[in-house]
Amino acid sequence: MRDDELLTVAEVMTRLRLGRSTVYDLIRTRRLPSVTIGRCRRIPASALNHFIAEEMERAA
């Protein structure tokens with residue numbers, strides 16, 4: 001995954017194996033940064049990588 005890639009909510013759901021409402025909760029609470037382009041919500045791949053790294057640190 002390229003760091004400059006923009007992911008859909010569905011792609012993030014698949015990669016994290018989480019439900020739609022959980023991903024939107026992460027976005028709403030700003031734990032997972034996103035951008036809105038028109039009516040579409042996109043999550044930068046770099047933000048997803050950062051989120052995963054933070055969760056791994058927190059779990060350690």
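1. Start with T8, which stands opposite R42 in β3. The model is predicted, so read each pairing as part of a prediction. Three bridges join β1 to strand β3, residues 40–44, and these strands run antiparallel.

2. Now look at R42 from the other side. V35 stands opposite R42 in β3. Here too there are three bridges, joining β2 to β3, and the two strands run antiparallel.

3. Check the turn between β2 and β3. Their hairpin has two residues between the strands. In this hairpin, G38 takes a positive phi near 65°.

4. Next, the first two helices. Two packed helices are described by the angle between their axes and the distance between the axes. Helix α1 (residues 9–16) and helix α2 (residues 20–28) pack at about 105°, and their axes are 9 Å apart. That makes α1 roughly perpendicular to α2, because angles of 65 to 115 degrees count as roughly perpendicular.

5. Which residues make this helix contact? From α1 come V9, V12 and M13. They meet R20, V23, Y24 and I27 in α2. The contact residues divide into six nonpolar, no polar and one charged.

6. Turn to the largest nonpolar core, which has 13 residues. V12, V23, I27, L32, I43 and L48 touch the most other members. Helices α1, α2 and α3 (45–59) each supply at least two residues of this core. Which helix gives the most? It is α3, with four residues. In soluble globular proteins, nonpolar side chains tend to be buried together.

7. Finish with L48. Leave aside its neighbours within four places in sequence. What is L48 then in contact with? The partners are M1, L7, V12, R15, L16, L32 and I43. Among them, V12, L32 and I43 are also listed with L48 as core residues that touch the most other members.

Technical notes. Residues are numbered from 1 along each chain as its sequence is written. This is a predicted model: local features need pLDDT of at least 70, side-chain atom pairs count only at pLDDT 80 or more; totals for chains, interfaces and linings use all residues. Side-chain values use heavy atoms; hydrogens and water are left out. Axes are lines fitted to C-alpha atoms, for helices over the stretch in contact, and angles run from 0 to 180 degrees between N-to-C directions. Angles under 35 degrees count as roughly parallel, over 145 as roughly antiparallel, 65 to 115 as roughly perpendicular and the rest as oblique. Contact means heavy atoms within 4.5 Å. Ala, Val, Leu, Ile, Met, Phe, Trp, Tyr, Cys and Pro count as nonpolar, Asp, Glu, Lys and Arg as charged, and the others, Gly among them, as polar. Two strands pair if DSSP finds at least two bridges between them. A nonpolar core is a set of buried Ala, Val, Leu, Ile, Met, Phe, Trp, Tyr and Cys residues joined through side-chain atoms within 4.5 Å. Buried means under 20% relative accessible area, exposed over 50%, partly exposed in between (1.4 Å probe, protein chains only).
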